[in-house]
4 protein chains.
Amino acid sequence: MTNKTANNVGGIAADRLRSIVERVERLEDERKALGSDIRDVFTEAKSAGFDVKAIKQILKLRKQNPADVDEQEMLVDTYRRALGI
Amino acid sequence: MTNKTANNVGGIAADRLRSIVERVERLEDERKALGSDIRDVFTEAKSAGFDVKAIKQILKLRKQNPADVDEQEMLVDTYRRALGI
Amino acid sequence: MTNKTANNVGGIAADRLRSIVERVERLEDERKALGSDIRDVFTEAKSAGFDVKAIKQILKLRKQNPADVDEQEMLVDTYRRALGI
Amino acid sequence: MTNKTANNVGGIAADRLRSIVERVERLEDERKALGSDIRDVFTEAKSAGFDVKAIKQILKLRKQNPADVDEQEMLVDTYRRALGI
């Protein structure tokens, strides 16, 4: 009976809902911790004399297909010349 | 001839490109100015003693269908009771 | 009296609150319309054969100090060579 | 010698840079996997008949101080009554 009450509040499977909410919170905490770890690596990079903005650009480039990167850069250069910038 | 050069740099219709870029920049400037106007209204609201966070919640609610808002609030209340929060 | 009622619901200057909310909504509508105008320019650019992603990169570059752009590009190139990418 | 070359390309400590870049990429991959795990829990919640939007609201409320939540809700209700919504 007690169990039934715990599991069913207002027609809601309370234990199931609680489990879902707590799992998401745990995963979000882990994700937040990773975000903090990433910031730590960038702090280390900066201390070692690297430019963080340039490293972020490198990370972005590495996510893309090298041929696409080249083609895009060529296009941007063409547009810059056309605009005289 | 000069015109042709101005209009065609590296196979690019330079004038057309410049027009596009400048129009986007102008629109972005106007959009940025509106963002600043909105912040000004919130500053005025705060000065008049209103709670800005609550006003933002009101704005969010007004974007939604009233029946949907009610249904959602009822669901959230049910879940809160089920979780005892 | 009626005016007083209209202006004061639950200790809240209702007319003032309504004016604030409606002004923000109007400004948000205008901002939304500008966003739509910007998308229209990009659609036009695409129809004219331009690469929208490259134009967005151009817009980003134009927001920056040219000397900073050059320095950043040099750094990224140095890092790319160091990593062999 | 070879080691020296590998470690120093254009005045850049290449190995150090590579280590930094690869660590960030690994952390980003883990973070992305957690995002996917979170989405899986929401999919499970939906399959179990829960309303995902309401659960997200619950998660948001649980991040806040209960007294602040109550105060905010009271304010929003007051504003709604003042505006007749």
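**Chain D laid on chain B.** A rotation of 180° with 0.0 Å of shift along its axis places chain D on chain B, with an RMSD of 0.0 Å. That is the relation of a two-fold axis. Which residue of chain D comes closest to the rotation axis? Look for D:Glu73, whose C-alpha is at 5.7 Å.

This is a predicted model: local features need pLDDT of at least 70, side-chain atom pairs count only at pLDDT 80 or more, and totals for chains, interfaces and linings use all residues. Residues are numbered from 1 along each chain as its sequence is written, chains are lettered from A and ligands numbered from 1 in the order written, and side-chain values use heavy atoms, without hydrogens and water.

**Chain D laid on chain A.** Here chain D goes onto chain A by a turn of 180°. The shift along the axis is 0.0 Å, and the RMSD is 0.0 Å. For this pair, the residue of chain D that comes closest to the axis is D:Arg31. Its C-alpha is at 2.7 Å. D:Arg31 sits in helix H2 of chain D.

**Chain A on its own.** Follow the chain from its N terminus, and the elements run α-β-β-α-α-α. How much of chain A is buried? Of its 85 residues, 34% are buried. Buried means under 20% relative accessible area, exposed over 50%, and partly exposed in between (1.4 Å probe, protein chains only). The chain exposes about 5300 Å² (Shrake-Rupley method, 1.4 Å probe; for residues, only the protein chains shown count as cover). Carbon and sulfur atoms supply 50% of that area.

**The positive patch.** Four arginines gather on the surface: A:Arg31, A:Arg39, D:Arg31 and D:Arg39. Together they make a patch of positive charge. A patch takes residues with over 30% relative accessible area and no salt bridge, joining like charges within 9 Å and nonpolar side chains (Val, Leu, Ile, Met, Phe, Trp, Tyr) within 5 Å. Helix H2 (14-47) of chain A and helix H2 (14-47) of chain D each supply at least two of the patch residues. Is D:Arg31 buried or partly exposed? D:Arg31 counts as partly exposed because its relative accessibility is 31%.

Find A:Glu30 in helix H2 of chain A. With 40% relative accessibility, A:Glu30 is partly exposed.

Side chains of opposite charge can pair when their charged atoms come close. In a salt bridge, a side-chain nitrogen of Lys or Arg is within 4 Å of a carboxyl oxygen of Asp or Glu. B:Arg23 and C:Glu44 form such a bridge, at 2.8 Å from N to O. This pair crosses from helix H2 (residues 14-47) of chain B to helix H2 (residues 14-47) of chain C. B:Arg23 is partly exposed, at 26% relative accessible area. C:Glu44 is partly exposed too, at 24%.

**B:Glu44 and its partners.** B:Glu44 bridges to C:Arg16, with the closest N and O atoms 3.2 Å apart. B:Glu44 lies in helix H2 of chain B and C:Arg16 in helix H2 of chain C, so the pair joins two chains. B:Glu44 also meets C:Arg23 in a salt bridge, at 2.7 Å from N to O. That pair likewise runs from helix H2 of chain B to helix H2 of chain C. The relative accessibility is 24% for B:Glu44, 36% for C:Arg16 and 25% for C:Arg23.

A:Arg16, A:Arg23 and D:Glu44 are linked by salt bridges into a network. How many salt bridges are there over all chains? The count is 20.

Definitions and conventions:
Lys, Arg positive; Asp, Glu negative; His and termini not counted. Charge placed at Lys NZ, Arg CZ, Asp CG, Glu CD. Helix = DSSP H or I, 4+ residues; strand = E, 2+ residues; numbered from the N terminus. Least-squares fit on C-alpha atoms with pLDDT ≥ 70 in both.
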